[in-house]
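These are notes for a first reading of the model. Please keep the structure open while going through the points.

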Amino acid sequence: MNLAQMLFYVMSFIALASAVFVAATKNLVRSIFMFFITLFALAGLYVLALADFVAVTQIVIYVGGILVLILFAFMLSGRETLNAMALQQKQFISIGKLPAFLLAALFLIVLLNMIIKVDANNLEWVKKSIESKNDIPVNAAMTEDIGVGLMTRYLLPFEAISILLMLALVGAAHLSRKGRGA
Amino acid sequence: MISLTDFLIVSAVLFCIGLYMIVSKHNAIQILIGIELMLNAAILNLVAFGKYDRFNNGGQMFALFAIVLAAATTAVALAIILNVYKQYKTIDPGKIDKLKD
């Protein structure tokens, strides 16, 4: 068992444990702050999958953008929102959690069964890519490849996603403005 | 090296935690967090398989696109949640059952 494997197990344990905490806790603010830790551990997992640029993007956009946006949204929206949330959580302490838990557990069993049956390490195309040296070596610098690919092979999805991002910007600004007739 | 199956198992567990949150929570923001967990499980799969696609680099590229999409989704969803709270004074999706009040 080498260092990378050990790091993988530590990271995945942190990610899964904090995700369970996020799902289990009653306190919304605490669950959001715990979600930070899940996202950081996931960024570590991306690094171990040799995707360092994706890991940095994860930290910048998810942790720096999305989570701060969620925090701002309900901390700036006044005390009534927080009170309403606290009230709701006290009302629903343990009603109807069992069916959801059963659904998630059964789905997990199905997924795990399928993953073990597929045996992803011995897939045809994975073997072929290892044979033809198409897999990423440990010391590869992939950021340049990503930049070149973004401007050549993946130009159409890049443009599509930029248009969609602008539409989302306009839509969010329109939805959250103060005036009448939204 | 770390085997592909390990990544798949971690992402399956994350996906199921997200599914549990979506089904069981009575708070729209927590449901949103559950959706983010499921998205992250999918991104982990993309990145793990992208290790075997060096020249086209499809896995990492679409992981980046998925992260950007998640950001756009969250912005719009939060704006909608705040508007719904202004209208109904609750953000429990089970109680929002009228198109027009």
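How many salt bridges are there between chain B and chain A?

1. The count is zero for chain B and chain A, where a salt bridge is a side-chain nitrogen of Lys or Arg within 4 Å of a carboxyl oxygen of Asp or Glu. Polar contacts do cross the interface: 13 residue pairs, both members at pLDDT 80 or more. Such a contact is a pair of N or O atoms within 3.5 Å; within protein, one must be able to donate a hydrogen and the other to accept it, and residues adjacent in sequence count only if both atoms are side-chain atoms.

2. This is a predicted model, in which local features need pLDDT of at least 70 and side-chain atom pairs pLDDT 80 or more, while totals for chains, interfaces and linings use all residues. Residues are numbered from 1 along each chain, chains are lettered from A in the order written, and side-chain values use heavy atoms without hydrogens or water.

3. Chain B brings 71 residues to the contact and chain A brings 85, contact meaning heavy atoms within 4.5 Å. About 7,200 Å² is buried between the two chains, 76% of it on carbon and sulfur atoms; buried area is the accessible area (1.4 Å probe) lost on putting two parts together, summed over both. On the chain B side, B:Y20, B:Y52 and B:R54 lose the most area, together 9% of what that side buries.

4. Within chain A, helix 2 (residues 28-48) packs against helix 3 (residues 52-75) at about 170°, with axes 9 Å apart. Helices here are DSSP runs (H or I, at least four residues), and axes are lines fitted to C-alpha atoms over the stretch in contact, with angles from 0 to 180 degrees between N-to-C directions. Helix 2 of chain A is therefore roughly antiparallel to helix 3 of chain A, a label for angles over 145 degrees.

How values were computed:
Helix = DSSP H or I, 4+ residues; strand = E, 2+ residues; numbered from the N terminus. Parallel < 35°, antiparallel > 145°, perpendicular 65-115°, else oblique.
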